[in-house]
Amino acid sequence: MTSEKTGGEGGAAGAAGGAGSGDGVGKAVGWAAVEEAVPEFAGQVQKRFGAYRHHVLATLRKDGAPRLTGLEADFRHGELWLGMMVGSRKALDLRRDPRFSLHANPGPGTDLAGGDVRVSGRAVEVTDAEVVARYAAAVRPPEPFHLFRAELTEVVRTYVEDPCLVLESWAPGRPLRTIRRTSDDAARQAE
């Protein structure tokens, strides 16, 4: 069975420029655009990130190798914010190459309640003093700190719906895609 679930088009509120054609494909968007395009899916992703405080951030080292570090992610004002200590390796990585992936904390055990969630894109450092002050007043992070806003190119949720493994993925300008697989199913089944 092959069909795609539509979830709307990206590129609305919170949209950020990026490479790609005029159809929105290939662009990076703020969290508000994800919420507008696929609200139910966005809610599930945000809820999963909200289940735990610390998550795993992947950045690229100077030599191109991956670096994995812990991070607190914060959804606020229609954005996904990444805050980190001044001079941290992850901040220096993002200043040099803004590409990242953020994986939600899987939590204890193996049940992965709420699924396995990750977002990818690029991190844009926020230098506007008013925005940084507003964030600091609400979150009260240790100061000084680096603040980055996530511009997303992909959002993925994987979960088990017995007997299937279900993979939902969304990218700006594309509908929500759902793939169901079983361990004895050689071919992917998209719906």
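**Exercise 1. Leaving aside its neighbours within four places in sequence, which residues is Leu 82 in contact with?**

A word on the model before we start: it is predicted, so local features need pLDDT of at least 70 and side-chain atom pairs count only at pLDDT 80 or more, while totals for chains, interfaces and linings use all residues. Residues are numbered from 1 along each chain as its sequence is written, and side-chain values use heavy atoms, with hydrogens and water left out.

*Step 1.* Contact means heavy atoms within 4.5 Å. With that rule, Leu 82 meets Leu 71, Ala 73, Phe 100, Leu 102, Ala 123, His 146, Leu 147 and Phe 148.

*Step 2.* Now place Leu 82 in its setting. The largest nonpolar core has 31 residues, and Leu 82 is among those with the most contacts inside it, alongside Leu 80, Phe 100 and Leu 102. Such a core is a set of buried Ala, Val, Leu, Ile, Met, Phe, Trp, Tyr and Cys residues joined through side-chain atoms within 4.5 Å.

*Step 3.* Elements giving two or more residues to this core include helix 1 (31–37), strand 3 (79–85) and strand 4 (99–103). Helices (H or I, at least four residues) and strands (E, at least two) are DSSP runs, numbered from the N terminus.

**Exercise 2. Find the buried residues of helix 2 and say where they sit around the axis.**

*Step 1.* Buried means under 20% relative accessible area, exposed over 50%, and partly exposed in between (1.4 Å probe, protein chains only). The buried residues of helix 2 are Phe 41, Ala 42, Val 45, Arg 48 and Phe 49.

*Step 2.* These residues lie on the same side of helix 2 because they cover an arc of only 125° around the axis. The arc is taken from the directions from the helix axis to the C-beta atoms.

*Step 3.* Turn to the other side of helix 2, and Pro 39, Glu 40, Lys 47 and Gly 50 are exposed.

**Exercise 3. Describe the salt bridge between Arg 122 and Glu 151.**

*Step 1.* A salt bridge is a side-chain nitrogen of Lys or Arg within 4 Å of a carboxyl oxygen of Asp or Glu. Here the N to O distance is 3.2 Å.

*Step 2.* Arg 122 lies in strand 5 and Glu 151 in strand 6, so the pair ties together parts that are 29 residues apart in sequence.

*Step 3.* Check accessibility: Arg 122 is partly exposed at 24%, whereas Glu 151 is buried at 8%.

*Step 4.* Finally, look around the pair: a network of salt bridges links Arg 122 and Glu 151 with Glu 79 and Arg 149.
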